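This briefing concerns backbone geometry and charged side-chain pairs. Please consult the sequence and model shown here alongside the points that follow.

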Amino acid sequence: MTRPTPLQPGDTIAILSPASAIDPALVRGAADTIARLGYKPLIMPHAIGRRGSYSASAAERLSDMAQALNDTAVRAILCSRGGYGAVHLLPELDSIITDPKWLIGFSDITALHALWARHGIVSIHSSMARQLADGPQSEPTDRLFDILTGGSPAMSWVNTTTGTNRPGTATGRLVGGNLAVLDALAATPYYTPRPGDILFIEDIAEPIYKVERILWRMRLSGLLDNLAGLIVGRFTEYKPDRNYETMEAMIADMTASTAYPIAFNAPIGHIGPDNLPIMHGATATLSVTADAATLAYAD
C-alpha cells in the first residue's frame, strides 16, 4: 500500500460531493477552515449542487472527481458528505486513478475507500465537511491534519459497551468502514477485506438482524473466522430486538468461536464530533486488553 505524499503549506485540498447533496454553508465553512490552516481550498463545480437527493448527476459528480484526480496541484480530496451515490462512480474512476492522493470521508465514502485500496493507496476514514465547519479546533480535525502532513497518531479508547473485548495483539492491513456499504460491494472487484486483515466496522440505522445477516455472509465466505483482528466502531440509531438488547452483544456471539483480538467501542462512526480519523489500508497493530485498546501504525 502506498501512503500519499504529506501535504505542504499552500497545497490544494479539493472539496467535492460524490454522493448526496449537502448544505452549501457546510462546504464553505470547511473551505474556511482549510484556508485558516494554511492550505488552498478548491470547491469543485458541482460540490454544492442538488439533483434529486444527489449533489449532481452521476456524470457531473464523476467529472468533479476526475478533475480533482487529474489536477497535479490537488494533493487531497475531501468528500463533503456521504448519503448515497459514491458507488455510481466506481467503474469509471477505476481506470483513471494514477496519482496517489489523500481521500477523506466515511459512511457512503466507504465505496471510494475500497477503490483506493484496490489501487494500493492508503486513505483516511474520517469526518467530512460538517466536522471541519463546526469543529475547526477539535481533536478529529487536529488528528486529520496530523495524518495529512505525515503523522501516524495512535488511537486509544476504553470499552464501555456490553460487548466484551477479547485481549490480544494483531498486526495487519487495516480496512473496513460502513458495514452496509461494504457488504454491498461483496462479489465485486471492489470488495476490500480479506483474511489476515484487521477489519473495522460501523453503521447507522441498521437493525440488529440485518447486521447479523452481513456477518453470516462474512462467515460463510471464510472471512469472519480468518481475520487478524476486529475493531467494532459505533452502531447508532437502532433498537433492541427480541434476540439482543445491543448490537455489541450480537457481534460478541457471532465472533465467539474466533480466536483473534476484538476491540469494542472504537471512536469510529456516525458519532458527530467524536468520530476520529484512521488510515484505511495502512498496516497497523491492534493491542487489546479487557477494557481498552490501542491502534498504532507501522512506520
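Glu 237 is exposed, with a relative accessible area of 62%, in this predicted model. The residue sits in the loop between β9 (229-236) and α9 (247-254).

**Positive phi angles**
- Most residues other than glycine have a negative phi.
- Glu 237 has a positive phi, near 55 degrees.
- Asn 265 also has a positive phi, near 70 degrees, and lies in the loop between β10 (262-263) and β11 (278-280).
- Asn 265 is buried, because its relative accessibility is 10% and the cut-off for burial is under 20%.

**Salt bridges**
- The whole structure contains 9 salt bridges.
- Asp 99 and Arg 75 form a salt bridge in which the closest N and O atoms are 3.0 Å apart.
- This pair ties together parts 24 residues apart in sequence, since Asp 99 is in the loop between α3 (90-93) and β4 (102-105) and Arg 75 is in strand β3 (residues 74-79).
- Asp 99 is partly exposed at 24% relative accessibility, whereas Arg 75 is buried at 17%.
- Arg 118 and Asp 94 meet in a salt bridge with an N to O distance of 3.1 Å.
- Arg 118 belongs to helix α4 (residues 110-118) and Asp 94 to the loop between α3 and β4, 24 residues apart.
- Arg 118 is partly exposed, at 43% relative accessible area, while Asp 94 is buried, at 15%.
- Asp 225 forms a salt bridge with Arg 219, with the closest N and O atoms 3.5 Å apart.
- Arg 219 is buried at 18% relative accessibility, and Asp 225 is partly exposed at 35%.

How values were computed. Residues are numbered from 1 along each chain as its sequence is written. This is a predicted model: local features need pLDDT of at least 70, side-chain atom pairs count only at pLDDT 80 or more; totals for chains, interfaces and linings use all residues. Side-chain values use heavy atoms; hydrogens and water are left out. Helices (H or I, at least four residues) and strands (E, at least two) are DSSP runs, numbered from the N terminus. Buried means under 20% relative accessible area, exposed over 50%, partly exposed in between (1.4 Å probe, protein chains only). A salt bridge is a side-chain nitrogen of Lys or Arg within 4 Å of a carboxyl oxygen of Asp or Glu.
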